[in-house]
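Dear colleague,

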Amino acid sequence: MDRLGSTIQGGLRVEEQLSRHRTIMNIFEKEPRVHKDVFVAPSAAVIGDVEIGHGSSIWYGSILRGDVNSIHIGSGSNIQDNSLVHVAKANISGKVLPTIIGNNVTIGHSAVLHACTVEDEAFVGMGATLLDGVVVEKHSMVGAGSLVKQNTRIPSGEVWVGNPAKFLRKLTEEEIAFIAQSATNYINLAQVHAAENSKTFDEIELEKMLRKKYAHKDEEYDSMLGVVREIPPELILPDNILPNKAQKAVAH
């Protein structure tokens, strides 16, 4: 894109400084093992001994660094933007401390996970920090901005918040269902972002033209003019990505 930008703006001959960023990178002969349908955002970094299961997603600006130990992420989990996942070689007593994230887990934006375990269908809120040896059990939740101290175990079905994080209350059935739905939403949203990131420059420009051509002010305005504007199939997102669209369909 750097070269393309120079060409578009008049072909100015400037010294090229192309980014050396690598989304997936080996280190110490350790190679990431990423399922073929995982979405790894272009600005994310997956480094070293990292395994990511199918349907998971690693979002913009996130870093997974498996250098001195391993990181394992199951299926259908999402590591949201600007999060950091790292490991520890061992603690003071010599216990090996990889980072393990289960299936259908949501890790909120800018969270920090260090040498800890997050079990299936758990939820870590935005900006939360989990220190060495922490275990977040299945169907539990860490509140946004919380700091979970070393070797803390958060039991299944509980909400913990604060600095240091402490038990707040039990999760409701609706909140447990929300955790599962959050993971599903991110699986679908990742597919949209993956498709967008895979487009060529020509495809992007064509889509811009189509959006401009089929744009409308609102449905009432169009109906007053007797105009019917059909959106091309390639511009339609899934219903669960556009909840308002789904609600309108039910209402009709």
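Below are some notes on its sheet and its aromatic rings.

This is a predicted model, in which local features need pLDDT of at least 70 and side-chain atom pairs count only at pLDDT 80 or more, while totals for chains, interfaces and linings use all residues. Residues are numbered from 1 along each chain as its sequence is written, and side-chain values use heavy atoms, with hydrogens and water left out.

Eight strands form an open sheet of mixed pairing, in the order β3-β5-β7-β10-β13-β16-β19-β20; strands are DSSP runs of E with at least two residues, helices are runs of H or I with at least four, and both are numbered from the N terminus, while two strands pair if DSSP finds at least two bridges between them. The edge strands, each pairing on one side only, are β3 (39-40) and β20 (165-170). Strands β10 (residues 106-107) and β13 (residues 123-124) run parallel and are joined by two bridges, with T106 standing opposite F123.

Five aromatic pairs are found in the whole structure, where rings of Phe, Tyr and Trp (its six-membered ring) pair if their centres lie within 6.5 Å, and planes under 30 degrees apart count as stacked, over 60 as edge-to-face and the rest as tilted. The rings of W59 and Y60 are edge-to-face, because their planes stand at 65 degrees, with the centres 6.1 Å apart. F123 and F178 form a tilted pair, 5.9 Å centre to centre with 45 degrees between the planes, and this pair links strand β13 to helix α2 (residues 173-197) across 55 residues.

Best wishes
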